Amino acid sequence: MLVRPEEISNIIKSKIDNYESQMKVDEVGYVIQSSDGIAKIYGLENCMAGELIDFGNNIFGMALNLEEECVGCVLLGGEIQVKEGSVAKRTGKSVSIGVSEDVIGRIINPLGQPLDGLEPYKIDKYRDVEFLAPGVISRQSVNTPLQTGILAIDSMVPIGRGQRELIIGDRQTGKTAIAIDTIINQKDQDVICVYVAIGQKGSSVAGIVDTLKKNGALDYTVVVSSTASDLAPVQYLAPYAGCAIAEYFMYEKHKDVLIVYDDLSKHAQAYRAMSLLLKRPPGREAYPGDVFYLHSRLLERAAKMDDAHGGGSITALPIIETLAGDVSAYIPTNVISITDGQIYLESELFFGGQRPAVNAGLSVSRVGGSAQIKAIKKLSGRLRIDLAQYRELAAFAQFGSELDKFTLDKLVQGERSLETLKQPQYATLTVEQQVVILYALVNGYLTDVDAKRVKEFNDGLLQHMQNKCPKILEEIKEKKELKPDLEEKLKAAIEEYVKFFNI
């Protein structure tokens, strides 16, 4: 078949007419100084604060200082390869992390790279690590409990879904243990957990991952790890990256999420190191002036969304380490003022054998009874009063030899209360078990039990309820309050056990 010359020319003409010239223009600069994980770049005139900078060879940085002559950029790895004269290219994007449901059960770094030796996970979309917190209108008040499984906390310092509850105390007082127990207790509760390790030892993170695996908690948990050997900018990014993953499940999947920041003291220190290297002026304790904003913009992202916005939630458990119990230091006071309450762990209680070492006087939940079921709310009020009276009378009793019956009774009740609140690690209690133990305690069934046998009594009572009266436990779980008929059944069951225990 012959093609006429005019047809050939028409085809060529149409191709030329439809051809769109696409020219890609990149804004490129050059590194003029690189040291300590900080690069100064000349030539990126239109660079934005927080923008991702590409140095090639899969090395990236984040622009933080926009100066007149150059851009101050923190490196997110590859600090040895980035040298004076290296090419730096704008990406036009802010720092983000890839997210999908496949991230559950994985151990990753703040850049989304796997640390568990497995293949990279499938990515559905990218979420910016810095994201605006939801407004007041799109939130609802906290009204659903998030059970930690720890009797001392669920009864006296309740945590609700969407709350920010600070865990504060000196090092080695069991702060991480409380957070890990809370994660373990979310099994079958339809809660996704995110554990963010900031500046921890690699061996500590490995131990936590192993504990989560043994207890079947890694099936619904994401671990974001930045160890002490990582660069300060990577440690700085870790909590924001963890929060971006949590937001994916809250906004996109409308799930309840629990996120643990372990710990924000090291986060502030990493930010201070970065800021001083960027020549930002130091303020109190050499922290930069915006260190309050650093944590407030992170913790404000925890919320309980209203039904129109999916009804998901992010509950944040930030951890802060104090030095010699000094809660009035700069970073602790900052974070206390941002959060909705704190669980204060005391060294004296911890080394005195009271574990978890929760100081009931200094610990507080500003959400309060809204995050408790009615049964526990009714019983825990009396527990708090008993402990407060015990603390006051115990100090007074040291000086007095003769005590009246009222004082002796209060001291006995307080002592039994402290013994009941002792709980081994990884031995979480269900709500119905907590109700049974609290009911027996506040109604005086432990008064005649020797203090050393309190744990034996409580363990036996739970076993008795499980074996002989499982319907009562199911009823408490279902109804969530102690109505007169249910209370009578519970009372009869406990009295039956007391007779058996005293034999």
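Author: A charge sits over a ring if NZ of Lys or CZ of Arg is within 6 Å of the ring centre and within 35 degrees of the ring normal. In this predicted model, the charged end of R355 meets that description over the ring of F350, 4.0 Å from its centre.

Reader: And which ring does the charged end of R127 sit over?

Author: The ring of F131, with 4.7 Å to its centre.

Reader: How many aromatic pairs are there?

Author: The structure holds 10. One of them is Y497 with F501: the ring centres are 5.8 Å apart and the planes are at 35 degrees, so the pair is tilted.

Reader: Where do Y497 and F501 lie?

Author: Both are in helix α15, residues 484-502, and they are 4 residues apart, about one turn of the helix.

Reader: Are Y497 and F501 buried or exposed?

Author: Both are buried. Ring pairs also link Y497 and F501 with F457 and F500 into a cluster.

Reader: Switching to charges. How many salt bridges?

Author: There are 26. Among them is D116 with R106, where the closest N and O atoms are 2.8 Å apart. That pair links distant parts of the chain, with D116 in the loop between β8 and β9 and R106 in the loop between β7 and β8.

Reader: Is R106 buried or exposed?

Author: R106 is buried, because its relative accessible area is 9% and the cut-off for buried is under 20%. D116 is partly exposed at 23%.

Reader: What does K255 pair with?

Author: D190, at 3.2 Å from N to O. The two are 65 residues apart, K255 in the loop between α5 and β13 and D190 in the loop between α3 and β11. K255 counts as partly exposed at 26% relative accessibility, and D190 as exposed at 55%.

Reader: What separates D210 and K214 in helix α4?

Author: About one helical turn, because they are 4 residues apart in that helix. They form a salt bridge with the closest N and O atoms 3.3 Å apart. D210 is partly exposed at 36%, whereas K214 is exposed at 68%. Elsewhere, salt bridges that share partners join R139, R164, E300 and D340 into one network.

Reader: Surface next. Which residues form a nonpolar patch?

Author: V28, Y30 and V87, with about 250 Å² of accessible area together. V87 is in strand β6 and counts as partly exposed at 42% relative accessibility.

Reader: And the whole chain: how many helices and strands?

Author: 15 helices and 16 strands. Of its 503 residues, 51% are buried.

Conventions: Residues numbered from 1 in each chain as written. Predicted model: local features only at pLDDT ≥ 70, side-chain atom pairs only at ≥ 80, totals over all residues. Heavy atoms only, no water. Phe/Tyr/Trp six-rings, centres within 6.5 Å; stacked < 30°, edge-to-face > 60°. Buried < 20%, exposed > 50% of the residue type's maximum accessible area, 1.4 Å probe, protein only. Patch = residues over 30% accessible without salt bridge, like charges linked within 9 Å, V, L, I, M, F, W, Y side chains within 5 Å. Areas by Shrake-Rupley, 256 points an atom, 1.4 Å probe, with all protein chains shown as cover. Salt bridge = Lys/Arg side-chain N within 4 Å of Asp/Glu carboxyl O.
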